[in-house]
Number of protein chains: 2
Amino acid sequence: MTDGDTRLASSSHPPSRKGTLYGVGLGPGAPDLITLRAARLIAAARVVAYPTLAGAQSFARAIAADLIADDAQEIAMDVPMSVERAPAQAAYDTGAASIALALDAGEDVICLCEGDPFFYGSFMYLFARLSDRYHVEVVPGVTSVTACAARAGMPLVARNERLTILPGPLPEAELRTRIEGAESVVIMKVGRHLPKIRAVIADLGLTAKARYAARATLPDEVILPLADAPDKAPYFSMILLTKGADPWL
Amino acid sequence: MTDGDTRLASSSHPPSRKGTLYGVGLGPGAPDLITLRAARLIAAARVVAYPTLAGAQSFARAIAADLIADDAQEIAMDVPMSVERAPAQAAYDTGAASIALALDAGEDVICLCEGDPFFYGSFMYLFARLSDRYHVEVVPGVTSVTACAARAGMPLVARNERLTILPGPLPEAELRTRIEGAESVVIMKVGRHLPKIRAVIADLGLTAKARYAARATLPDEVILPLADAPDKAPYFSMILLTKGADPWL
């Protein structure tokens, strides 16, 4: 009640208390892999924000759709797909400005993030733009890395093993060196880089120890031995490779 | 009803349908960082299993405590702390045998796992012992890696950056080489290895870019610049290091 009274008393001025920005990880795709905390925040949200890719439906919004109130305000940030960074940066500038307006009005903003906000997540671009002026809370989520491992039945690392996580667009020579020097390897963002990655792994004699995963935990999930992976891979696909010297017994 | 009838009809024989073993990730410690799926499975569980460390309270059970039914059967696997592997292996043999008994009786068994079951999780020892004979489902969880990053306000990786995850017990020379060659680094299981790790990071001139985290998301969480870390670190503590060439703007 005290909070409410204070706000009422100052209603003709901007509220003295700014809202909090929440970067909320939603997990890999299955709606029930959202955490209890994230579900509670989304269900109570009066303002939600999320990225959409080049005008397509937002994957993040789709994961959380059943939790979003009908009358919630929605801030969609349309991020163009491009190798150049300036167009995406402009989209985050615009999105951050809309979010700042809501925060200045005293509203909390729940930003929906596929996977985990700080693990290859676009939320870090909003964090960089807003965390100096606003209180920001990050709610971690299940990453696609452990989700794919779970669905593929592939334990990733135990005891003193090392895990290396690489993006598929890296140059071939670097991929080779890093895979060679690693124990367990996860290669993210495979997409059109699949032929290159597959060739490197074959050349290292490791194909039999690698699996391909796309859309893990979703109804159209694909998990296959790397040798059987389709020639066209979606951007959000992954290769898991465990050299498996240790039988984990 | 059909299922129930079938079981009743064959009640004098072993049930023909074995139970499913679920390896359920519980996240880093805060009970509301459990996923909706994990919470549903635990709340409905008639048999739960979990590791306890050298007779101490089980951290996994503590995270899930509010969800476990009062009349659930509990299988506690007491895993001794030791550098030798044989005593722990014996504990998992015994635990797997108890779990197999319940599965053979047609009961599902929910195995509680801190963090994620396949990411430095003890569940993989049960998986190795039981997955050839029983249906096993793994429910991924939030790892301590992204939980610590969230609490430390440290974005881990964006775009084409690489992430290297290392265990603290690695030899000093290997830690140095791997940290030197990496972009973002997470060092797990810091514990008594803190002085060695801190010296390596200082020697590489990276101390200012590193943070120390212990018991992230729990009430007694500690998140500090590495320079201010306590001399005695618990086993479940972590160092996050992002070289941060990229301002993520």
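# A tour of the chain A and chain B interface

Chain B and chain A bury about 4900 Å² between them, with 59% of that area on carbon and sulfur atoms. The size of an interface is often expressed as the accessible area lost when the parts come together. Keep in mind throughout that this is a predicted model.

**Stop 1: the two faces.** Show both chains and select the residues in contact across the boundary. There are 60 residues of chain B in contact with 60 residues of chain A. Between the two chains, 26 residue pairs are in polar contact, both residues being at pLDDT 80 or more. On chain B, the elements that each supply at least two residues to the side touching chain A are α2 (36-43), α5 (123-130), β5 (136-139), α6 (144-152), β6 (163-167) and α7 (172-180). The residues on that side of chain B divide into 35 nonpolar, 10 polar and 15 charged.

**Stop 2: a salt bridge across the boundary.** Select D32(A) and R37(B). Their side chains meet in a salt bridge, 2.8 Å from N to O. Six salt bridges are counted between chain B and chain A. Side chains of opposite charge can pair when their charged atoms come close.

**Stop 3: strand to strand.** Select residues 163-167 of chain A, which form strand β6, together with β6(B). Three bridges join these strands, and they run antiparallel. To find one of the pairings, pick I165(A), whose bridge partner in β6(B) is L163(B).

**Stop 4: a salt bridge inside chain A.** Over all chains, the whole structure holds 24 salt bridges. For one within chain A, select R61(A) and E74(A), where the closest N and O atoms are 2.7 Å apart. R61(A) sits in helix α3 (residues 59-64) and E74(A) in strand β3 (residues 73-79) of chain A, so the pair ties together parts 13 residues apart in sequence.

**Stop 5: the annotated span of chain A.** Select residues 20-224 of chain A, which an unreviewed UniProt entry annotates as "domain: Tetrapyrrole methylase". This span is 34% helix and 22% strand, and its end C-alpha atoms lie 42 Å apart.

**Stop 6: a loop in chain B.** Finish at A54(B), in the loop between β2 (47-53) and α3 (59-64) of chain B. What does A54(B) touch, leaving out residues up to four places away in sequence? Its contacts are D78(B), V79(B), P80(B) and M81(B).

Definitions and conventions:
Residues numbered from 1 in each chain as written. Chains lettered and ligands numbered in written order. Predicted model: local features only at pLDDT ≥ 70, side-chain atom pairs only at ≥ 80, totals over all residues. Heavy atoms only, no water. Contact = heavy atoms within 4.5 Å. Buried area = accessible area lost by both parts, 1.4 Å probe. Salt bridge = Lys/Arg side-chain N within 4 Å of Asp/Glu carboxyl O. Polar contact = N/O pair within 3.5 Å; in protein donor to acceptor, adjacent residues only side chain to side chain. Helix = DSSP H or I, 4+ residues; strand = E, 2+ residues; numbered from the N terminus. Nonpolar A, V, L, I, M, F, W, Y, C, P; charged D, E, K, R; others polar. Pairing = 2+ DSSP bridges. UniProt positions renumbered as here; feature names shortened; annotations may be inferred.
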